[in-house]
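I set out here, entry by entry, what I looked up in the structure.

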Amino acid sequence: MKNLKFVLYRSFILKNINKVIMVIIGTLIGAGFASGREIYLFFMKYGKLGQIGIIISGIFTGLIIYLVLKKVREKQINNYSELLKNINPKNQKLNKYIHIIVNSFLLISFYIMIAGFSAYIEQAYKIPTYFSSIFFIIICYIVFQKSLQGMMKINNYLVPFLLLLILYLGIKNLPYLIESKAMAQIQTNQKGFLISSLLYTSYNSIILIPVLVTMKDYIRTQKQIKLISIFSGLLIIVLSFCIYGLLLKGQFFIEDIELPLLEIVKEFGSIFEYIYGFVIIVSIFTSAISTGYSFLENVSKDKKMYRRNLILISIVGIFVSNIGFSKLVQILYPMFGVLGFVQIVLLCSSFFKWN
């Protein structure tokens, strides 16, 4: 009987680890990542040094995941406001500003996902953005009404497919990388790769940290936290290199394309164009669900306010779909990345004081 209980408990723990990792990956891999726009902007344009930047970013992302989950578990933190009070108890005014910045970024990220979905539909099928954005928002609206359980279920089904397909295309692209020696021969002609990789980690943390706080009930042990942090960081590094390698196939023509990978995968055959189109839609959807849910949880005091805010952001989302997706990524992400540094510094300094 004891052995059976141990096996069931272990199965429960492993299942929870997988759930949390899927939510983390689903949050981080949005339209900007899956389309290749983020990897190009933050890493590829720095050449070989950008490859080092990917590793640095993955390590720091894993560290942030570890610090937040450890703090949330040991201090029994229930929401993002409590986390801010815990890591910065002496300056509540600063916490208020951080809270506003984070909520603003979560909402903007949600709208960027809508713009990304509309950009894909328009680029692939020539359908006007208003029609696609309305369809996308209706699906999000349905999922948001299911709250956290809805988000967990969506990520558990869609993210594994997303991971496997990106990994498959990355492996399929290896012969090209080996024969052309593209990874080694790419020119390194710009400075600033370290700042760029830290900015990438920083703006991702703005989206990720509020989501991690909601994972408290799925974390039972310190070992779970370590495994989640390590595997999440490694997955981000591997997936980033897969995207980076694919971008090298089109390095001379992708700069001005909204969704560069959608053009590059055509070289593998028309079937992959449609399959990867689905990958982009999945990545947009999982990221939109994570950011939208986190925003609604942060700004809603009760279920009535949650529903009212949900209706409001859904209506506004229809009108932002005409804003250029790549322009939003290029301008807003680095800007919020700078602001996100404050949150990371407070988290790290709190951890060292606490220990």
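In which loop is Ile 77 found? I located Ile 77 in the loop between H4 and helix H5 (80-87). Helices here are DSSP runs (H or I, at least four residues), numbered from the N terminus.

**Basis of the entries.** I note that this is a predicted model, in which local features need pLDDT of at least 70, side-chain atom pairs count only at pLDDT 80 or more, and totals for chains, interfaces and linings use all residues. Residues are numbered from 1 along each chain as its sequence is written, and side-chain values use heavy atoms, with hydrogens and water left out.

**Entry 1: Ile 77.** I looked up the accessibility of Ile 77 and found 2% relative accessibility, so Ile 77 counts as buried. The classes are buried (under 20% relative accessible area), exposed (over 50%) and partly exposed (in between), with a 1.4 Å probe and protein chains only.

**Entry 2: salt bridges.** How many salt bridges does a search of the whole structure find? I recorded three. A salt bridge is a side-chain nitrogen of Lys or Arg within 4 Å of a carboxyl oxygen of Asp or Glu. Side chains of opposite charge can pair when their charged atoms come close.

- I found Lys 70 and Glu 74 joined by a salt bridge of 3.0 Å, N to O. Both residues lie in helix H4 (residues 48-75), four residues apart, about one turn of the helix. Lys 70 counts as buried because its relative accessibility is 10%, whereas Glu 74, at 37%, counts as partly exposed.
- I found Glu 267 paired with Lys 249, with the closest N and O atoms 3.7 Å apart. Glu 267 lies in the loop between helix H13 (260-264) and H14, and Lys 249 in the loop between helix H12 (222-247) and H13, so the pair ties together parts that are 18 residues apart in sequence. Lys 249 is buried, at a relative accessible area of 18%.
- I found Lys 266 bridged to Glu 263, with the closest N and O atoms 3.3 Å apart. Lys 266 is partly exposed at 35% relative accessibility, and Glu 263 is partly exposed at 25%.

**Entry 3: helix packing.** I looked up how H7 meets helix H14 (residues 270-299): they pack at an angle of about 55 degrees, with their axes 10 Å apart. Axes are lines fitted to C-alpha atoms, for helices over the stretch in contact, and angles run from 0 to 180 degrees between N-to-C directions. H7 and H14 are therefore oblique to each other. Angles under 35 degrees count as roughly parallel, over 145 as roughly antiparallel, 65 to 115 as roughly perpendicular and the rest as oblique.I also noted the axes of helix H6 (residues 92-125) and H15, which come within 10 Å and cross at roughly 45 degrees. That angle makes H6 oblique to H15.

**Entry 4: nonpolar patch.** I found a nonpolar patch on the surface, with about 850 Å² of accessible area together, and Phe 319 is one of its residues. Patches are made of residues with over 30% relative accessible area and no salt bridge; nonpolar side chains (Val, Leu, Ile, Met, Phe, Trp, Tyr) are joined within 5 Å, like charges within 9 Å. H7 gives the largest share, six residues. Phe 319 lies in helix H15 and is exposed, with a relative accessible area of 58%.

Key
Accessible areas come from the Shrake-Rupley method with a 1.4 Å probe; for residues, only the protein chains shown count as cover. Helices (H or I, at least four residues) and strands (E, at least two) are DSSP runs, numbered from the N terminus.
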